[in-house]
Amino acid sequence: LRFQEFRTFTWIPGFSPPAVMAKLRTLGESRFIYGPFGRGKTGLAVGYAYDCLQAMSDIVTIRFVAAPHLFAQLRDAYNHPAHEETPTEGQIIGQYTRCSLLILDDLGAEQVRNTGWLEDRLYEILGTRHAERRQTVITSNLDLDQLADRIGERITWRIQEMMLGATGVVSLGGCPNLRE
């Protein structure tokens, strides 16, 4: 509910940096939105997804998930293997690989203990979306180099390819902190 009124070009009223807006002009492509906390990354991602949904008839399902929550969902699948109503790891991963548009919020904010497990699950989701050319919007406090150190270069290269190189990478570094 918090972001339901957000739209791409009104995410910060009275503030529309040309470099940011130019990167978002073309709807329907994947985006990597990064910058320090409080800059409006999540609101911008939701606004962009809304604008894509309004403009494109092939978007049937949109999934929004914060990366830490995604990994908690996957871990929960292991904690309740006997319950039939608890989705399996494969079902959870399938939800995020098959949706028309995925917003993966706060990638890099998850607590990393078993990086191999995390990288495998991320690769399953993002690697499949990359191969199937499914639209994905990712937000992070980290730039792509910092993210590579955290989640691995293999996944980060997939992200860069999904974003068409620098074309889909949106930096909010010069935007004001909306929490101050």
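Q: What makes Ser30 and Met163 contacts of Thr136 in this predicted model?
A: Contact requires heavy atoms within 4.5 Å. Thr136 touches Ser30, Arg31, Leu101, Leu102, Leu126, Arg129, Met162 and Met163 by that criterion, leaving aside residues up to four places away in sequence.

Q: Why is Thr136 called buried?
A: Buried means under 20% relative accessible area. The value for Thr136 is 0%, so Thr136 is buried.

Q: What makes the pair formed by Arg134 and Thr136 a polar contact?
A: The cut-off for such a pair of N or O atoms is 3.5 Å. A polar atom of the Thr136 side chain lies 3.2 Å from the backbone oxygen of Arg134, therefore within that limit.

Q: Where in the sheet does the strand of Thr136 stand?
A: Thr136 lies in strand β4, residues 135–140. The open sheet has 5 strands in the order β2-β3-β4-β1-β5, with parallel pairing.

Q: Why are β2 and β5 said to stand at the edges?
A: β2 (62–66) and β5 (169–171) each have a single partner strand, so one side of each has no neighbour in the sheet. From one strand to the next, the twist averages 10°.

Q: How do you know that β2 and β3 pair?
A: Pairing takes at least two bridges. β2 and β3 (residues 101–105) have 5, in the parallel sense; Val65, for example, has Leu104 in β3 as its bridge partner.

Q: Which helix lies across β4, and at what angle?
A: Helix α2 (residues 41–55) runs at about 165° to β4 and also lies across β1 (31–34), β2 and β3.

Technical notes: Residues are numbered from 1 along each chain as its sequence is written. This is a predicted model: local features need pLDDT of at least 70, side-chain atom pairs count only at pLDDT 80 or more; totals for chains, interfaces and linings use all residues. Side-chain values use heavy atoms; hydrogens and water are left out. Helices (H or I, at least four residues) and strands (E, at least two) are DSSP runs, numbered from the N terminus. Buried means under 20% relative accessible area, exposed over 50%, partly exposed in between (1.4 Å probe, protein chains only). A polar contact is a pair of N or O atoms within 3.5 Å; within protein, one must be able to donate a hydrogen and the other to accept it, and residues adjacent in sequence count only if both atoms are side-chain atoms. Axes are lines fitted to C-alpha atoms, for helices over the stretch in contact, and angles run from 0 to 180 degrees between N-to-C directions.
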